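Subject: Structure handover

Dear colleague,

Please find the structure below, with the sequence alongside.

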Amino acid sequence: MGRRYDTVSLLTDYGHVDELAGVLHAVVRDIAAHVTVIDLTHDIPAFDVRAGALALARAIGYLPEGVVVAVVDPGVGTDRRGVAIEVAGGAGVLIGPDNGLLAPAAAVVGGAERAVELTEATYQLAAPGATFAGRDVFAPSAAHLCNGVELDALGPQVDPALLVPGIIPLPRREGDELRADVLWVDRFGNCQLNVASEDLDDVTGGSPDPVAVVVGEDRHVARRATTFADLGPGSLGLVVDSHGMLQLALDRRSAAVELGVAAGDQVVLVALDDGAGVTTAVEMRAR
Amino acid sequence: MGRRYDTVSLLTDYGHVDELAGVLHAVVRDIAAHVTVIDLTHDIPAFDVRAGALALARAIGYLPEGVVVAVVDPGVGTDRRGVAIEVAGGAGVLIGPDNGLLAPAAAVVGGAERAVELTEATYQLAAPGATFAGRDVFAPSAAHLCNGVELDALGPQVDPALLVPGIIPLPRREGDELRADVLWVDRFGNCQLNVASEDLDDVTGGSPDPVAVVVGEDRHVARRATTFADLGPGSLGLVVDSHGMLQLALDRRSAAVELGVAAGDQVVLVALDDGAGVTTAVEMRAR
Amino acid sequence: MGRRYDTVSLLTDYGHVDELAGVLHAVVRDIAAHVTVIDLTHDIPAFDVRAGALALARAIGYLPEGVVVAVVDPGVGTDRRGVAIEVAGGAGVLIGPDNGLLAPAAAVVGGAERAVELTEATYQLAAPGATFAGRDVFAPSAAHLCNGVELDALGPQVDPALLVPGIIPLPRREGDELRADVLWVDRFGNCQLNVASEDLDDVTGGSPDPVAVVVGEDRHVARRATTFADLGPGSLGLVVDSHGMLQLALDRRSAAVELGVAAGDQVVLVALDDGAGVTTAVEMRAR
């Protein structure tokens, strides 16, 4: 018998309008009734592997010991592999498609230590079609793991070094500019950048002064702040977010809407004393 | 004492914007703390009994033993009955309004074996108004059942043959055509038809060749495929879905949006060699 | 050791598109694995403290013993206090920002009996930023309470009388009119008013006859009814809702859409025999 687990955390792009996410709960409970299932989110944009990978990477440090089932899987039913990846000395196992979805989260907790391809039908459900691997492959494999089935029993070992990597862009320093990417726009419209405070200090010489944020043709001034309320009405801010990254934010308004940016967009951060042009305030739209 | 249950599965049209679904959890836990509650979905379109019945019928085969509470209930508070229906030798009990919502799911697991009308106030909550039977009638009845209360204690027996049936349309063969209905459009825009592979084989003589799909005035060609990715960009497919039915699908795009179809619409499937007119490709819209 | 709890109920404005709500589940489970977590709702409109307070006040009477974590918190990270409020002789503890969110619910169950400010870092998570108090302050404090940590251990006592009150408007009688507020529009478009049946009886002299409902420039006739179906097609009703308040409702249609009202709007109720003008029917829009 292998290690037993009593928590399965789910992250998918199934949404809530259908019963798909609920069926994952049902399958896990039917096989492993002792398990508590946590919904991290099921509203990853459809097919957006990158967004799913980032969300899982943000969450994994807060998860209890157990198994994660993550499914954003446009290649379902093809020869893309389903995998189970052991991390953190066995404290966690990540299950899902081998398409880069799991890799950033695995990296956050120290990297993949052992991996298998999910091929053993004994631990899967017989499927009338090939389109719902979450129900038929990933959830039952997770539940059997929770029951103490050995990782190796789920299928043949895979070299962890050969798993599909996740691609997360790094900010690029170009002269006085820091070219950054919007990694995530949250429900409130805050825009997480792939920039830590230290990265920005490196450009500004450590000055806490406002900086210019260039979005397309527009140039805005952003104050550095610790809280949204500190910004006050209409002032754009660079606020240290709950993961230690800088986010573009407004107080009680959506920075994403006001600036017209979305996840995946690029923005440029520049120290204001570079004399490189006129700045424009964020123009407030009617709420 | 009757049989005890430790799982209650919920399916409603309450949505998530209000606390209604959460209150069902609270009511069950307050009465029967040992029970795990599973949310199948709460986003059935408001008042859409047919959509709720189909979702429950799709899910029921995957549920663990236990009680189901399903609520899509435009007639709440009227003389439509609230019922509890025993199925599968007592392995499951379906609770909700007797309006056709429960019938297809009951049929999937062998049919209603015993039923009672929910009239016994002892197992319900006193209600300030008549509009929230989920909270006041269905959830508490389910929780008491889980505690071992006998089914018959919930109210007088009802002849299972007299429960309101669910109406699920069957495909109609007309000459060389198969007239089908769109049963379900999932989050990804895949359109489940009320057609199994064998039904289509019957029209095409078993040929695996593409077929014509007529939607209103438009005629499209659809390939038969096992996975979405097999279709490639822009090609319409008929893919065996996770319930063994055929679905109209595109790879990483919404077939429902591209074809302009919704749940309840009719489409016609015809073998392509019938020479009955010009076919048009699916015109890709901007995402 | 203090009292132990085994249920934590969550209510936030985090939405479901991000993993924020899921992370609260994870944090609670990591600290207090015996706890069941209930999602009341996470879809309170962003920053809408009043809507959150009303939803919690509606739900609290149905919650099992335990801890509530409520987060609608535009002032996160500022000097607004985080608090834990004991109610009902210790049967419940409400945790969240001291901004009026918790006060109406506390009042429903008898008022705040004891309160502390959440300052003790031992029972919180170290935070890379100050923007996610739900994860870093409220959820871990709740979980430690569930484990038997004393309320007083979470921080210094606060005078319950000095907690920020919640503001819920009362209806105003002006001559023959009752000026009411729309407290809540539910998923179905029913509009809960801050008016009990008795309040309306007071205006109408107890007559069960229809009344006039004035919305802006428009004047509608509303029948009093017990169920939605009793209203029949297109007839506006005043239906006693599941909390004993009157709601403006239509059968299987959204009264909010048809009348053009939203939460926070005012409407005026008048007995029809006042001869004060022409009434207009609700004009049905295409669904």
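In chain B, B:R114 and B:D152 form a salt bridge whose closest N and O atoms are 3.2 Å apart, a salt bridge being a side-chain nitrogen of Lys or Arg within 4 Å of a carboxyl oxygen of Asp or Glu. Because B:R114 lies in strand β6 (residues 114-117) of chain B and B:D152 in the loop between α4 (133-146) and β7 (157-158) of chain B, the pair ties together parts that are 38 residues apart in sequence; helices (H or I, at least four residues) and strands (E, at least two) are DSSP runs numbered from the N terminus. B:R114 is partly exposed at a relative accessible area of 23%, and B:D152 is also partly exposed, at 38%, where buried means under 20% relative accessible area, exposed over 50%, and partly exposed in between (1.4 Å probe, protein chains only).

Before going further, please note that this is a predicted model, in which local features need pLDDT of at least 70 and side-chain atom pairs count only at pLDDT 80 or more, while totals for chains, interfaces and linings use all residues. Residues are numbered from 1 along each chain as its sequence is written, chains are lettered from A and ligands numbered from 1 in the order in which they are written, and side-chain values use heavy atoms, with hydrogens and water left out.

Over all chains, a search of the whole structure finds 44 salt bridges. In chain A, A:E86, A:R114 and A:D152 are linked in a network of such bridges. Another salt bridge of chain A joins A:R173 to A:D202, with the closest N and O atoms 3.2 Å apart; this pair links distant parts of the chain, from strand β8 (residues 172-174) to helix α5 (residues 197-204), 29 residues apart. Of these two, A:R173 is partly exposed at 41%, whereas A:D202 counts as exposed at 52%.

Turning to the contact between chain A and chain B, the rule finds two salt bridges across this interface. A:E19 pairs with B:R58, the closest N and O atoms being 2.7 Å apart, and A:R29 meets B:D6 at 3.5 Å, N to O. The latter pair runs from helix α1 of chain A to the segment before β1 (7-12) of chain B; A:R29 counts as buried at 8% relative accessibility, while B:D6 is partly exposed at 36%.

The contact, meaning heavy atoms within 4.5 Å, takes 34 residues from chain A and 36 residues from chain B. About 2700 Å² is buried between the two chains, with carbon and sulfur atoms giving 61% of that area; buried area is the accessible area (1.4 Å probe) that two parts lose on being put together, summed over both.

As for symmetry, a rotation of 120° with 0.0 Å of shift along its axis superposes chain A on chain B with an RMSD of 0.0 Å, which is the relation of a three-fold axis. Such copies are superposed by least squares on the C-alpha atoms of residues with pLDDT of at least 70 in both. Only 6% of the interface residues of chain A are also interface residues in chain B, so the copies meet through different surfaces. Chain C is likewise superposed on chain B by a rotation of 120° with 0.0 Å of shift along its axis (RMSD 0.0 Å).

Best regards
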